[in-house]
Amino acid sequence: MKRKLLSTIIALATVASMLAGCGAAATQEAAPAADAAKQEAAAPADAAAPAADGIQVGIVLPTKDEPRWLQDQAQFESILGDAGFTNQVLFSQGSSATEKTNVETLVSQGIKVLIICAQDGAAAAAAVEAAKAEGVTVVAYDRLITGTDAVDYYVTFDSFAVGAAQGQYLIDNAPAGKKDVPLYLYAGAATDNNAFIFFEGAWSVLQPKIADGTFKIANSSEAEGLKDKAELTRDEVAKIIGQVTTDWDFNVAKSKAEAHLTANDASLKGDVVVLAPNDGTARSIADVFATDKDVTSYVVTGQDAEKASVQYVIDGKQSMTVFKDTRTLAADSVAMAVSILKGETPATDTTYNNEKKDVPAKQTDIVVVTKDNVKAALIDSGYYDASEFTGL
Ligand code: BGC
């Protein structure tokens, strides 16, 4: 992994020096632009970005209020900065309107490539269509933008595999030999295409175990009504998500979990398993389940390997997380931007349909992290420092 990153950086450095030949400003701007990007990150999301000539790559991320996206920001700034690229990272702070303003700001600064992780996959279509109309190449980052042909490429983790790994973990760690183990389902925001893919991945492995009576759905009548269907339509998934969404918000996750446990009697408690879609929501949900006197034990999933959740995993408060190595995702999208700037066709390995077209995509594998491999996966790989955790 490290070697791959290094070679990407070397390749970027080479291209950056080539680009410097046709625009010395790009290289000269590199250091101030990196600083500007950091300042921008600290400034209010919709603040006008500082004027800078020759910004080549613009990056828009959904929010700085979730540690996941700060991980991505750090990787972008380091990779692009090291390579001498001028760049801007702007945050949309949960607002599609701010996202559109951010895109317009970047376009007015002359970006050639936009790397964007949409706040709302459908609403972002208007923003990227405006960028595309100005000749910008659009790379959807992590979350697919739907219902438009203005998305040129998609760089993503294997989100179906994320959901399948979460579901499989619940199966492998449910109390052995028991029937009717209560299964609590939670999902991401309905505005995020990934929430559907994660759920579909989880359902692909959980459904047979629901149908054969190993698990009993504890908090979704919609899911219960569909328990004999191996493959769900998008509308069916939407109905389930409508009941169990966390909106990617830990407060929503907490109040939903509280409401579900209040509504259920002891027959839906005891030893339970919980599909939590990501780390932020997993920690809230775990805290609620930990305090219910009728819940004897719980197994709970997560994803993102956020520091706070890694500590929860070490402490036995969250059962697993899914490590999505943002170094790879950021490096892949920057490598894509480099190809685009050179006038080449970037390498892709699959496609994702966004309801308008099959978007060429580059997909990255995920790693399941538990107490047993946390050190190997996250510390030995150099992603985190051991000093950031206690009890390792
Ligand atoms: C990302 C997750 C993240 C979630 C909430 C999803 O689109 O893939 O990594 O936890 O959004 O921000």
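Which element gives the most to the lining of the largest pocket?

**Entry 1, ground rules.** I am working with a predicted model, where local features need pLDDT of at least 70, side-chain atom pairs count only at pLDDT 80 or more, and totals for chains, interfaces and linings use all residues. Residues are numbered from 1 along each chain as its sequence is written, and side-chain values use heavy atoms, with hydrogens and water left out.

I looked up my opening question, and α12 gives the most, with 3 residues. Here a pocket is an open set of points on a 1 Å grid over the protein atoms alone, where a 1.4 Å probe fits, with protein on both sides within 12 Å along at least five of seven lines; lining residues have an atom within 4 Å of a point. I found 21 lining residues for the largest pocket, with T63, E66, D247, W248 and D249 nearest its centre. Two or more residues come from each of α4 and α12 (279–290); helices are DSSP runs of H or I with at least four residues, numbered from the N terminus.

I noted an oxygen atom of the ligand 2.8 Å from an N or O atom in the R68 side chain. For the W69 side chain, the corresponding distance from a ligand oxygen atom is 3.0 Å, and for the N278 side chain I read 2.9 Å.

Conventions: Polar contact = N/O pair within 3.5 Å; in protein donor to acceptor, adjacent residues only side chain to side chain.
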